[in-house]
Amino acid sequence: MRTQAKAFAAAAVAVALTASLLHRRKQRDPEELLRSYYDAWGGGDVDALDDLLADDFCAHVHTLAGTDDHDADELAETIESHAHTFEHVEYDVEDVVKADGRVAARVTMRARHKETERDAETVGLVILRLDGGRIAEEWSSWDYLGLARQLGLAGAAS
């Protein structure tokens, strides 16, 4: 009988700890989540995405050719490609606004382009929809044409 009581008590503690961890994840500060997301980008850390993104994550990224939609796997490929293209990457997250399960910010990326060895800076606007303490959806727009001009890439209009 005592063995069953101990087993029950241990199970109750395990359930309580699990519930506590899930509750903490749901209560994650939106700005902290946003900054962690760009830390992952800056470090090329695709493994961090497991903790940051919802299972049904979708990104809508405004590009020169229109809007591209990406799931979590495509985002990981993009981050890896970015890490191979740029070094000394830093993101500054500024002007953060939080409301109704969303967080928005103006974000500045500073980096060195490995091929041209040129330093570059670009600014983007990002809105993240959060669900359960994770990023469920992203809308972003970056100054890709300005970045291309800084890097001296052929075909970038002056």
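Tyr37, Tyr38, Tyr91 and Trp142 form one aromatic cluster in this predicted model, where local features require pLDDT of at least 70, side-chain atom pairs count only at pLDDT 80 or more, and totals for chains, interfaces and linings use all residues. Residues are numbered from 1 along each chain as its sequence is written, and side-chain values use heavy atoms, with hydrogens and water left out.

Across the whole structure, four aromatic pairs are found; rings of Phe, Tyr and Trp (its six-membered ring) pair if their centres lie within 6.5 Å, and planes under 30 degrees apart count as stacked, over 60 as edge-to-face and the rest as tilted. One of these pairs is edge-to-face and joins Tyr37 to Tyr38, at 5.1 Å centre to centre with 75° between the planes. Helices (H or I, at least four residues) and strands (E, at least two) are DSSP runs, numbered from the N terminus. Tyr91, like Tyr38, is buried.

Arg28 lies in the loop between α1 (2–26) and α2 (30–43). Beyond its neighbours within four places in sequence, Arg28 is in contact (heavy atoms within 4.5 Å) with Leu33, Asp51, Leu52 and Gly133. The side chains of Arg28 and Asp51 are joined by a polar contact of 3.0 Å, defined as a pair of N or O atoms within 3.5 Å; within protein, one must be able to donate a hydrogen and the other to accept it, and residues adjacent in sequence count only if both atoms are side-chain atoms.

Methods:
Buried < 20%, exposed > 50% of the residue type's maximum accessible area, 1.4 Å probe, protein only.
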